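Dear colleague,

Here is the structure I said I would pass on. My notes on it follow below.

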There are 2 protein chains.
Amino acid sequence: MDPDVAFAVWSGERARRVESVLERLLPPGAESAEKLHDAMRHAVLGGGKRVRALLAYAGGELTAADPGSVDAAAAAVELIHAYSLVHDDLPCMDDDVLRRGNPTCHVVFGEATALLAGDALQSLAFEVLATGMREPGGQIALLARASGASGMAGGQAIDLASAGRRIALSELERMHALKTGALIRAAVRLGAACGRPMTAGENDALDRYASAIGLGFQIVDDVLDVEGTAQSLGKTAGKDAVQRKPTYVSLSGLAAARERIESLRVEARAALSPFGSLARRLLEIADWAAQRKH
Amino acid sequence: MDPDVAFAVWSGERARRVESVLERLLPPGAESAEKLHDAMRHAVLGGGKRVRALLAYAGGELTAADPGSVDAAAAAVELIHAYSLVHDDLPCMDDDVLRRGNPTCHVVFGEATALLAGDALQSLAFEVLATGMREPGGQIALLARASGASGMAGGQAIDLASAGRRIALSELERMHALKTGALIRAAVRLGAACGRPMTAGENDALDRYASAIGLGFQIVDDVLDVEGTAQSLGKTAGKDAVQRKPTYVSLSGLAAARERIESLRVEARAALSPFGSLARRLLEIADWAAQRKH
């Protein structure tokens, strides 16, 4: 089978898999806090690229984990990601109305319910890990650190503070390393933790891969925000410029951004060399992430 | 020593203890996401009755847990409580400007930072449990369920939906059982889990105690909201009436509310009979909670 086709088949299968896991984990729409439950389901189900879940499953292949044993980790990182999007889209943050081709959570359910839905999704992510992994202590600490003040939330705070301000490229990279990178690193690590034990050196190699992927992913987003349309992206295009947010493109130009995407792809692939053919899916994700059009 | 004085000494010592644990766990104010860290510290430190921490320590006394081994549980429930207050006070929720005698988090730091601070405090609560308890899986699942859609966040959603609507007293009690009760039950259970193993019957007795305490605590809040002043409460008084929120007092009157507080105090005490003198602090908390003036 053509390698690109084989990857499309694998990633499609895994994306459907995590979708059905999430469907099962989310509260049904029929209890008394119904509107909250509907808001949670709206925020999580029905699409998204499921990059973090794919990274968890691909991390699991590295350590010969059974996909079933990776489900909890894959679902947990998607729940954290979904909660962060709901809160990011709120009027007091990015004030965005379109996400994954649909109206954002607060547009449909109101701000207060969207706020609570995000909060409850974060709780659910930790519940899923606590009940779905053997010896979850270390993994929960990893995900909590990746989500909190020294990870994703910390990165968003730096992002807020940088709007309308000229910052250095190194500062921008540090912000992205927290805002999106921390959860992407956690996704790969959590997936890999579901199989045979890893050495410290292997964990470091995996972190280098995930850091490169995470930054590359963000720069591709910056490029697509300039080049794309709302229709192709499923979210508002051109909003970085409107919000006067510094991006890789605004700081260094399109050509340099494209070069950096390619060098990060090469860096990510190189970090995987100790793993040989077990890293196949992670390699494919690195290539796909650099070339994606939405 | 007079029993009331002895309880005041114990609770003061434990409140200071959790304060210093929280102080140590929170990020310092000097890193690059400084404003976020300051907002987190503002939300958590410097007061509050620390009821949930006291319940965790008192739960620990029931199973002969060393106070040091209860610190993580006590801090985690206070962190969850603090995050919920920050989000509750936001303009899209209760829109409140005064809390614990200070301006609320979003008044001082802005809405976006307050939102992120709440998010990061929730992550920190799970990190603290994951790193501070032996075999934390079951305890994290307990706290996550108490915090999420079938606990605190679910109760807040019901609260939102009930504003301006006439609801039955039984519905109001169900809302409080989730909104404040779930975390109070979790606090006692997490503390007790730090010592010798409990039987299922003992856990049930503890849940009955905590449910009675939790509801009683809320009804006292309703009474104080009518009778108190902002100065005595450290938060805005009379806001339930302004927001047309149903309360125990508005549904059944002051006299019936006071009777219910007393019957819940008796119920809470009765639930503890299997534990004998080990339940001393929990008994004292039941008495104190029913009689408090702020």
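In this predicted model, 42 residues of chain A are in contact with 42 residues of chain B, where contact means that the C-beta atoms of two residues, placed from the backbone, lie within 7 Å. On the chain A side, two or more residues each come from α2 (34-44), α6 (111-132), α7 (137-147) and α8 (152-162). Helices here are DSSP runs of H or I with at least four residues, numbered from the N terminus. The largest share, 14 residues, belongs to α6(A). By type, the chain A side has 24 nonpolar, 13 polar and five charged residues (nonpolar: Ala, Val, Leu, Ile, Met, Phe, Trp, Tyr, Cys and Pro; charged: Asp, Glu, Lys and Arg; polar: the others, Gly among them).

Within chain B, helix α14 (residues 254-271) packs against helix α15 (residues 280-291) at about 175°, with the axes 9 Å apart. Axes are lines fitted to C-alpha atoms over the stretch in contact, and angles run from 0 to 180 degrees between N-to-C directions. The pair is therefore roughly antiparallel (over 145 degrees). From α14(B), B:Ile261, B:Glu262, B:Arg265, B:Ala268 and B:Arg269 meet B:Leu283, B:Ala286, B:Asp287 and B:Ala290 of α15(B). These residues comprise five nonpolar, no polar and four charged.

On confidence, the model scores ipTM 0.93 and pTM 0.94. Chain A averages a pLDDT (the predictor's confidence in each residue, from 0 to 100) of 91, and 94% of its residues score at least 70.

Residues are numbered from 1 along each chain as its sequence is written, and chains are lettered from A and ligands numbered from 1 in the order in which they are written. As this is a predicted model, local features need pLDDT of at least 70 and side-chain atom pairs count only at pLDDT 80 or more, while totals for chains, interfaces and linings use all residues.

Regards

Notes:
Angles under 35 degrees count as roughly parallel, over 145 as roughly antiparallel, 65 to 115 as roughly perpendicular and the rest as oblique.
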